[in-house]
Amino acid sequence: KLLAAVRSYGIGGAMPYFESFRRKRRDKRDYQKWIIHNSIDDQRRERMRQEIKRFDSRPLISIILPVYDVDEIWLRKCIDSVIAQTYPKWEFCIADDASKRAHVRRLLDEYVSSDERIKVVFRPENGHISAASNSALEIARGEFSVLLDHDDELTEDALFWVAKELNDHTET
């Protein structure tokens with residue numbers, strides 16, 4: 001794109017493209033530095049666990065997950081990322097939106113039987129993401145809810161930071 005802009009607009013006209021390219025590279029480097037700086041090791045994980053014990057409030061957080069015909073690898077990664085949370089007081093409310101792929105039900109049943117915090121509702125017909133999210137929300141008991149997509153993953157400290165903010169800002 002930069003070369004095409006130089007050909008079309010000359011060096012001066014291509015400067016916005018060049019600046020955009022530099023900004024994207026810088027942002028990517030900055031994000032990689034942030035990831036490294038904020039990565040979780042055993043020491044940081046233990047500090048979080050100790051801080052959780054000192055929280056005045058440990059709200060139940062409901063994770064709302066609509067599911068439809070997602071590949072097994074992504075659904076496993078998604079669910080495992082919730083199970084791995086440092087903050088333990090959560091419930092995972094999953095609504096299968098009438099998936100046609102047999103592995104989805106098998107996988108969800110497997111997880112339900114392995115962790116009592118995981119709840120699933122199987123919708124009889126496909127209603128798309130809004131209806132599925134609402135079905136998951138209907139089985140939620142948490143004081144707060146967060147939305148998750150079936151092919152996303154949470155970092156293991158994600159709910160810790162939600163709970164910490166709620167403790168730091170009790171008016172929320």
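1. Phe18 sits in helix H1, which covers residues 2–37; helices (H or I, at least four residues) and strands (E, at least two) are DSSP runs, numbered from the N terminus. The model is predicted, so local features need pLDDT of at least 70 and side-chain atom pairs count only at pLDDT 80 or more, while totals for chains, interfaces and linings use all residues. Residues are numbered from 1 along each chain as its sequence is written, and side-chain values use heavy atoms, with hydrogens and water left out.

2. Phe18 counts as partly exposed because its relative accessibility is 31%; buried means under 20% relative accessible area, exposed over 50%, and partly exposed in between (1.4 Å probe, protein chains only). Together with Ile11, Met15 and Phe21, Phe18 makes a nonpolar surface patch of about 390 Å². Patches are made of residues with over 30% relative accessible area and no salt bridge; like charges are joined within 9 Å, and nonpolar side chains (Val, Leu, Ile, Met, Phe, Trp, Tyr) within 5 Å. Accessible areas come from the Shrake-Rupley method with a 1.4 Å probe, and for residues only the protein chains shown count as cover.

3. The sheet is open and has four strands in the order E3-E2-E1-E4, with parallel pairing. Its edge strands are E3 (118–122) and E4 (144–147), each of which pairs on one side only. From one strand to the next the twist averages 25°. Two strands pair if DSSP finds at least two bridges between them. E1 (residues 61–67) and E4 run parallel and are joined by four bridges; Ile61 has Phe144 in E4 as its bridge partner.

4. Two helices are placed against these strands. Helix H4 (residues 102–114) lies across E1, strand E2 (90–96) and E3, and runs at about 150° to E3. Helix H5 (residues 128–138) packs on the sheet and touches E1, E2, E3 and E4, its direction making about 145° with that of E1. Contact means heavy atoms within 4.5 Å. Axes are lines fitted to C-alpha atoms, for helices over the stretch in contact, and angles run from 0 to 180 degrees between N-to-C directions.

5. The count comes to 12 salt bridges, a salt bridge being a side-chain nitrogen of Lys or Arg within 4 Å of a carboxyl oxygen of Asp or Glu. One of them joins Asp71 and Arg101, with the closest N and O atoms 2.8 Å apart. Asp71 is in the loop between E1 and helix H3 (72–83) and Arg101 in the loop between E2 and H4, so this pair ties together parts that are 30 residues apart in sequence. Asp71 is partly exposed at 35% relative accessible area, and Arg101 is partly exposed at 34%.

6. Because Lys119 lies in strand E3 and Glu91 in strand E2, the pair ties together parts 28 residues apart in sequence. Glu91 is buried at 2% relative accessible area, whereas Lys119 is partly exposed at 23%. Glu91 also forms a salt bridge with Arg141, the closest N and O atoms being 3.5 Å apart. Arg141 lies in the loop between H5 and E4, so this pair ties together parts 50 residues apart in sequence. Arg141 counts as exposed, at 62% relative accessibility.
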